[in-house]
Amino acid sequence: MTNPLLRERVLQTLAEQLDSALLEQLFPGYKVSDIRRIITGEQVQAAESSPAVLPGVSSPSAQALDVTAAGCCKLFTDGASRGNPGQAGAGAVLFAENGEELVARSAYLGTCTNNVAEYKALLLGLQAAFQFGCTELVIALDSELIVRQIQGRYKVKNEALQALFHEVRASLARFRKWSIMHVPRAQNARADQLANKGIDQRDNQE
């Protein structure tokens, strides 16, 4: 049987000694001090640990750090640009394996092309999936170009997309298993709604 005093000492030592840079990499968007409190079993206020994803992100107020793995999740993302390039937004919605909606996020991206918006929407969703403890991820987009590029079937020739492509691939490496597929626009309506909501957030920022 584990000695509770030893367990407490181990957790306290981990909380004190773990490198801050490592904690920030493992749990992007959260305060290192909050993560250390969680390790030692202290309560953290949701408002103190709300994720800082992208400017203009809309998300539930109760998104505290979820240390319980969500397992297999399904992610829908979409980017929208009113003009190409034009005012753009990103939308992402994450579902649990049982179909429950875990989180919906939207972000205003400023002026960019539709393809850039698609990549940024995917990054927005991947961050949410990682924060919610998803270990396996099924990703659905209505952009065939982005899907084929992530699958390695199309080369990324556009310089503006290359850095985003590598960032997405690095984010995907944090999951134990993932797949990505193209879906008709009608099946991606929720993410499309969130992407347009992101563009509309511009009015609230001006």
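Is Glu101 buried, exposed or partly exposed? At 35% relative accessibility, Glu101 is partly exposed. This is a predicted model. The count of salt bridges comes to five, and a search of the whole structure finds one disulfide.

**Salt bridge Glu101–Arg190**
- The side chains of Glu101 and Arg190 form a salt bridge, with N to O at 3.0 Å.
- This pair links distant parts of the chain: Glu101 lies in strand 3 (residues 101-112) and Arg190 in helix 7, 89 residues apart.
- Arg190 has a relative accessible area of 32%, so Arg190 counts as partly exposed.

**Salt bridge Asp200–Arg82**
- Asp200 pairs with Arg82 in a salt bridge, and their closest N and O atoms are 3.2 Å apart.
- The two residues are 118 apart in the chain, with Asp200 in helix 7 (residues 189-205) and Arg82 in strand 1 (residues 71-83).
- Asp200 is partly exposed, at 39% relative accessibility.
- Arg82 is also partly exposed, at 44%.

**Salt bridge Arg176–Glu136**
- A salt bridge joins the side chains of Arg176 and Glu136, at 2.7 Å from N to O.
- Arg176 sits in the loop between helix 6 (159-172) and strand 5 (177-182), while Glu136 belongs to strand 4 (residues 134-141), 40 residues apart.
- Arg176 is exposed, with 64% relative accessibility.
- Glu136 is partly exposed, with a relative accessible area of 24%.

**Disulfide Cys73–Cys134**
- Cys73 and Cys134 are joined by a disulfide, with an S to S distance of 2.2 Å.
- The bond links distant parts of the chain: Cys73 is in strand 1 and Cys134 in strand 4, 61 residues apart.
- The torsion about the S-S bond of Cys73 and Cys134 is about -90°, so this disulfide is left-handed.
- Cys73 is buried, at 2% relative accessibility.
- Cys134 is buried as well, with a relative accessible area of 5%.

**Other cysteines**
- The cut-off for a disulfide is 2.5 Å between sulfur atoms.
- Cys72 is partly exposed, with a relative accessible area of 22%.
- Cys112 is buried, with a relative accessible area of 10%.

Notes. Residues are numbered from 1 along each chain as its sequence is written. This is a predicted model: local features need pLDDT of at least 70, side-chain atom pairs count only at pLDDT 80 or more; totals for chains, interfaces and linings use all residues. Side-chain values use heavy atoms; hydrogens and water are left out. A salt bridge is a side-chain nitrogen of Lys or Arg within 4 Å of a carboxyl oxygen of Asp or Glu. Helices (H or I, at least four residues) and strands (E, at least two) are DSSP runs, numbered from the N terminus. Buried means under 20% relative accessible area, exposed over 50%, partly exposed in between (1.4 Å probe, protein chains only).
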